[in-house]
Amino acid sequence: ISHSLYYVTLGKSSINETSKNDQTFAVEKIISHESFNGDTFDNDIALLKLKSQNGMCAIESKFVHPICLPSKHLILPENTQCEISGYGMEIEFSPFYSKILKEARVNLISQQKCRSPEYYGKKLTENMLCAAHRNWKEDACKVSKQNH
């Protein structure tokens, strides 16, 4: 993957609008997981090294917060509350993505439950997390709360 084609904008809450909260950086390097499988999306994760602007890094604000990477062998128990956000599809199987950043609080679901045929079956691998709202009204694909 050529990193020179990509930019990352931090603090952005709407795809179609630019705001003073936006901080845009060129991607200097993409580090893809060595075992990524494009058919199953197993190990679908990458690190992006951002190119600093004039020696400056991202500025922490109400809209931009640093995160810590978890330890290598961290195992989170079922029902751990997580926060998700993104511009994903608002309706399952919709061809349209949200233009506004959405967020939700969801709980982790056990691998056993998520791998059952009524949920995700064989689509879920050992390297994936499964999380949703208790009544499945929100999950990583269906997020109802707007982030403003």
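Reading along the sequence, I noted the pattern β-β-β-β-β-α-β-β for the protein chain. The model I worked from is a predicted one. My tally for the chain was 1 helix and 7 strands.

**Entry 1. Overall figures.** I looked up burial next and found that 22% of the 148 residues of the protein chain count as buried.

Entry 2. Which strands form the open sheet, and in what order? I found 3 strands, arranged as β1-β2-β3, with antiparallel pairing. In this order β1 and β3 stand at the edges, and each has a single partner strand, so one side of each is left without a neighbour in the sheet. I also looked up the angle between neighbouring strands of this sheet: on average they are turned by 50° against each other, direction ignored.

I kept a general point beside this entry: strands of a sheet pair through backbone hydrogen bonds, in either the parallel or the antiparallel sense.

**Entry 3. Strand pairs and bridge partners.** I took the two pairings in turn. Strand β1 covers residues 7-10 and strand β2 covers residues 23-32; the two pair in the antiparallel sense over 4 bridges. Within this pairing I looked up L10, whose bridge partner in β2 is Q23.

Strand β3 covers residues 46-50, and its antiparallel pairing with β2 runs over 5 bridges. I noted two positions here. V27 has L50 in β3 as its bridge partner, and K29 stands opposite K49 in β3.

**Entry 4. Cysteines.** How many disulfides does the count come to? I recorded 1 disulfide. It is formed by C114 and C130, with their sulfur atoms 1.5 Å apart. The pair links distant parts of the chain, 16 residues apart. C114 lies in helix α1, residues 111-114, while C130 lies in the loop between α1 and β6, the latter being residues 131-132.

The relative accessibility of C57 is 58%, so C57 counts as exposed. C68 stands at 73% relative accessibility and likewise counts as exposed.

**Entry 5. Residue Q53.** Where is the place of Q53? I located Q53 in the loop between β3 and β4, with β4 covering residues 81-86. The relative accessible area of Q53 is 42%, which means that Q53 is partly exposed.

I then asked which residues Q53 touches, not counting residues up to four places away in sequence. I found T24 and F25. I also checked Q53 against A26: the two are 27 residues apart in sequence, and their C-alpha atoms are 8.7 Å apart in space. For reference, I noted again that strand β2 covers residues 23-32.

Definitions and conventions. Residues are numbered from 1 along each chain as its sequence is written. This is a predicted model: local features need pLDDT of at least 70, side-chain atom pairs count only at pLDDT 80 or more; totals for chains, interfaces and linings use all residues. Side-chain values use heavy atoms; hydrogens and water are left out. Buried means under 20% relative accessible area, exposed over 50%, partly exposed in between (1.4 Å probe, protein chains only). Two strands pair if DSSP finds at least two bridges between them. Axes are lines fitted to C-alpha atoms, for helices over the stretch in contact, and angles run from 0 to 180 degrees between N-to-C directions. A disulfide is a pair of cysteine sulfur atoms within 2.5 Å. Contact means heavy atoms within 4.5 Å.
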